[in-house]
Amino acid sequence: MLDPKFVLENLKEIEKTIQERGMKVDVSFVAELAAARGKILSRVEELRAERNKLSKKPSEKSIRQGTEIKNELKNLEPQLKNLGEQLEKILWQIPNLIHPKAPRGFEEKDNKSVRADKVAKPAFKLLDHEQLAKKLDLADFEAGARVAGAKFYYLKNEAVLLELALIKYAFDILLKEGFTPFITPDLAKPAIIDGIGFVPRGPESNIYLLEGEDLGLVGTAEITLGGYHAGQILEEGDLPLKYAGFSHCFRREAGSYGQFSKGLYRVHQFSKVEMFLFCRPEESEKMHEYLLSLEEKIFRGLGIPYRVLDIRAGDLGAAAYRKFDLEAWMPGKGEWGEVTSTSNTTDYQARRLGIKYRKKNGETAYLHTLNGTAIATSRALIAILENYQKEDGTVEIPKVLVPYVGKKLIRR
RNA sequence: GGUGGGUUGGCUGAGCGGUUUAAAGCGGUCGUCUUGAAAACGACUGGGGAGGAAACUCUCUCGCAGGUUCAAAUCCUGCACCCACCGCCA
């Protein structure tokens, strides 16, 4: 959510942002609603002030006056509430502003390449990760489908060890950076999910809701890490707070399609270590660069070629002010595939979740939040299998993971 | 899942229909005193909103949402969460 005052004073800019994101939010009634609400609010507060004065010295007269006030309020208060809710509903739908330097556009080619590794030509016929997983008995998609449905899978053998290794590898790097490690709930209340900017309900929602419970499965630990401080005021001296959280991630992926929807690339469940930062507004851009640098450090360490994209306005989530993705080279299909994503959400999530900080001078203000993938194990696994395959059909374990996995080679 | 108890400001804790504009204490900030510090004393000390250039004034907020009443922290209903015991259980 944006500052309601800012919205009222900058409707043109808001409309431009909505249009640049390709969203449809009707803000034409905002000014009208706010004016009508303001008028009623003044009258209601006036009446309440009168009533408060009356209740100090009850008498027959004051009780009669009180009845009159009550009757007028009975009419006005529901109107006030209704207008407030209508206004809130629109404000809640308005996306964040967009960083001036973020590329505009709606197509994949509109993403701006920040930097890209060179990719070597394969010296032999490469397999994709599905073929490798099958040959080396590392995953079972058929069993996943039988037990849980399409896009679920079992990891087996070294794939399991690799997943655990990747998690510990990422945590070890982040611990050195001073992050606080977390294992978060895999479920969260819709209010928190919504606060982070995910749509918890509806046919297009990416969130699984539990029947009969006010709970949903998280799509990322961003939800639970951001929700950790919901409704709190943090001390400026404690910022930035750097959190690293492991969770399973569940996504309905309704309506997803394309060649990347097979195998491990787009699945209903995966494991992820997520980074989440709470910081002062003036340092959030610097922190965004910092999160990006950590994502690069993690993939460079794994020895996997990647490129960095500054994501186009048309592909930003509602909360994101700017977003950088890392795409790893996935030679099995000869494509770049998204493996990490880091967003600066400025004060958008903080406002929706009610997270502020107290400045040294005692004032309070909304802080900024940022998130970034440290490691999403399923996609990292694809990149590892496809980049580290050898002509004899075996797969090498990346050097940095050997101590965690306990072997150097996957073979059957 | 069952039964009982509870949820008040940063913390402890009083209040159980109208002198509560939420007592008191702790903590915090500033000041007086002091070479400095402590102690003592004094003042200030949650958040949202409206109006105002500002000083300030008003309003909402006692877990959340409704209701009763001229008047609700206080009474009623529903929900959430916490604690204890029982049941179940990795």
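Student: In which loop is Pro240 found?

Tutor: Pro240 is in the loop between strand S7 (233-235) and strand S8 (241-250). Helices (H or I, at least four residues) and strands (E, at least two) are DSSP runs, numbered from the N terminus. This is a predicted model, in which local features need pLDDT of at least 70 and side-chain atom pairs count only at pLDDT 80 or more, while totals for chains, interfaces and linings use all residues. Residues are numbered from 1 along each chain as its sequence is written, and chains are lettered from A and ligands numbered from 1 in the order in which they are written.

Student: What kind of peptide bond joins Leu239 and Pro240?

Tutor: First the general idea. Most peptide bonds are trans, and most residues other than glycine have a negative phi. The bond between Leu239 and Pro240 is cis, with omega about -5°.

Student: Where does Lys151 lie, and what is its phi?

Tutor: Lys151 lies in the loop between helix H6 (141-147) and strand S3 (154-155). Its phi is near 70°, a positive value in a residue other than glycine.

Student: Is Lys151 buried or exposed?

Tutor: Count C-beta atoms, placed from the backbone. A residue is buried if 20 or more others lie within 10 Å of its own, exposed if 12 or fewer, and partly exposed in between. Lys151 counts as buried because it has 21 C-beta neighbours inside 10 Å.

Student: And Asn157: where is it found, and what is its phi?

Tutor: Asn157 is in the loop between S3 and H7. Phi is near 55°, again positive in a residue other than glycine. Asn157 is partly exposed, because 14 other C-beta atoms lie within 10 Å.

Student: How many helices and strands does chain A have?

Tutor: Chain A has 13 helices and 17 strands. Its C-alpha trace spans about 95 × 45 × 40 Å along its principal axes. Of its 412 residues, 38% are buried.

Student: Where is the kink in H4 centred?

Tutor: A bend at a residue is the angle between axes fitted to the seven residues ending there and the seven starting there. In H4 the kink is about 30° and is centred on Leu73.

Student: Against which helices do the buried residues of H4 pack?

Tutor: They pack against helix H1 (4-9) and helix H3 (30-54). Leu83, Leu87 and Leu91 are buried in H4.

Student: Which residues are closest to RNA strand B?

Tutor: A residue is near a strand if its C-beta atom, placed from the backbone, lies within 6 Å of it. Here 16 residues surround RNA strand B, and the closest are Arg48, Ala49, Asn52, Pro58 and Gly66. H3 and H4 are the elements that give two or more residues to this surface. The largest share, eight residues, comes from H3.

Student: Where is Phe179 found, and what does it contact?

Tutor: Phe179 is in the loop between helix H7 (158-176) and strand S4 (180-183). Two residues are in contact if their C-beta atoms, placed from the backbone, lie within 7 Å. Leaving aside neighbours within four places in sequence, Phe179 contacts Leu174, Lys242, Tyr243, Ala244 and Met275. It counts as buried because it has 22 C-beta neighbours inside 10 Å. Phe179 and Phe276 are 97 residues apart in sequence but 9.2 Å apart in space, C-alpha to C-alpha.

Student: What is the bridge partner of Phe276 in S15?

Tutor: Two strands pair if DSSP finds at least two bridges between them. Strand S9 (residues 269-279) and S15 pair in the antiparallel sense over eight bridges. The partner of Phe276 is Asn371. Strand S12 (residues 335-344) also pairs with S15 in the antiparallel sense, over three bridges. There, Asn371 is the bridge partner of Ser343.

Student: Why is S15 called largely enclosed?

Tutor: Nine of the nine residues of S15 (residues 368-376) are buried, so the rest of the structure largely encloses this strand.
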